[in-house]
Amino acid sequence: MSFSQISYRLQKELKSNNPQIIFLLKKSPGLAFTTINEIATNIGKKYNIKVSLNFPERGKIDDYEAYGTENIGFVFERDSRAFPIARELIKSKASEILGSANIQDAYMYEGKEGVRVINDNYRLDILPASLHLWGKINDEIRNFCDWLLENCYGVKPGVEGAFNETNSKVY
């Protein structure tokens, strides 16, 4: 399953729950946050990934139309310390797809490795165990994350029985 397919399913599920979420936002933003992330967790379980939504700015949780289109975290294998592919390949692919973004090594301590990609509009924290997207997801980010899920995290697109963005079965 690709990043595009997972994020599409997440957005679709969140939109279908908007009335409940809006009600909860008025009653208790904390309860709304819990419900939003329960939905994300359930989507992630289908792919053996932990998915969560983050709300880094005060009041951001009220922007329910943006749910699933920004500030998403994926946890793949919690204890991984090194990428299964060369870190330089990840940086090279980021440069190729994302263009002028600032690409740098990050979290390089205690035998761990990581890559950070920063642009005026977004930040990606790419770690062996997880991927965190801060900011709005655009086509370039989506393409890069599709590549990452397949080539770095081993999540293959077109898993049998899964559905693509048009709800057609993928084999």
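## Overall picture

Of the 171 residues in the chain, 46% count as buried, a term that stands for a relative accessible area under 20%, with exposed meaning over 50% and partly exposed the range in between (1.4 Å probe, protein chains only). This is a predicted model, in which local features need a pLDDT of at least 70 and side-chain atom pairs count only at pLDDT 80 or more, while totals for chains, interfaces and linings use all residues. Residues are numbered from 1 along each chain as its sequence is written, and side-chain values use heavy atoms, with hydrogens and water left out.

The chain exposes about 9100 Å², and carbon and sulfur atoms supply 47% of that area; accessible areas come from the Shrake-Rupley method with a 1.4 Å probe, and for residues only the protein chains shown count as cover.

## Fold and dimensions

Five helices and six strands make up the elements of the chain, where helices (H or I, at least four residues) and strands (E, at least two) are DSSP runs numbered from the N terminus. Read from the N terminus on, these elements follow the order α-α-α-β-β-α-β-β-β-β-α. The radius of gyration of the chain is 16 Å, close to the 16 Å that the globule rule gives for 171 residues, so the chain is as compact as a globular protein of that length. That radius is taken over C-alpha atoms, and the globule rule is 2.2 Å times the number of residues to the power 0.38.

Taken along the principal axes, the box filled by the C-alpha atoms is roughly 45 × 40 × 30 Å. Of the contacts in the chain with a separation of 6 or more, 54% come from residues 24 or more positions apart, a contact being heavy atoms within 4.5 Å.

## Charges and salt bridges

The chain carries 22 positive and 22 negative side chains, and the centres of these two sets lie 5 Å apart. In this count Lys and Arg are positive and Asp and Glu negative, with His and the chain ends not counted, and the place of a charge is taken as NZ of Lys, CZ of Arg, CG of Asp or CD of Glu. The structure holds 12 salt bridges, each defined as a side-chain nitrogen of Lys or Arg within 4 Å of a carboxyl oxygen of Asp or Glu.

One of these salt bridges joins the side chains of Lys15 and Glu65, at 3.6 Å from N to O. Lys15 lies in helix H1 (residues 3-16) and Glu65 in the loop between strand S1 (50-53) and strand S2 (70-75), so the pair ties together parts that are 50 residues apart in sequence. Lys15 counts as partly exposed at 44% relative accessibility, and Glu65 also counts as partly exposed, at 48%. A further salt bridge is formed by the side chains of Asp63 and Lys60 (3.4 Å, N to O); Asp63 is partly exposed at 31% relative accessibility, whereas Lys60 counts as buried at 19%.

Arg87, Glu88, Lys91, Asp105 and Glu113 are linked in a network of salt bridges. Within this group, the side chains of Lys91 and Glu88 meet at 3.2 Å, N to O. Lys91 and Glu88 are three residues apart in helix H4 (residues 87-98), and are therefore separated by about one helical turn. Lys91 is buried, with a relative accessible area of 16%, while Glu88 is partly exposed, with a relative accessible area of 49%.

Leu14 has its place in helix H1 and is buried, with a relative accessible area of 1%. Not counting residues up to four places away in sequence, Leu14 touches Ile21, Ile36, Ile39, Leu53, Tyr67 and Gly68. The C-alpha atoms of Leu14 and Asn138, which are 124 residues apart along the chain, are separated by 19 Å.

Val51, found in strand S1, counts as buried at 1% relative accessibility. With residues up to four places away in sequence left out, the residues that Val51 touches are Leu10, Asn37, Ala40, Thr41, Gly44, Ile72, Gly73 and Phe74. Thr35 belongs to helix H3 (residues 29-45) and is buried, with a relative accessible area of 10%; not counting residues up to four places away in sequence, Thr35 touches Gln20 and Leu24.
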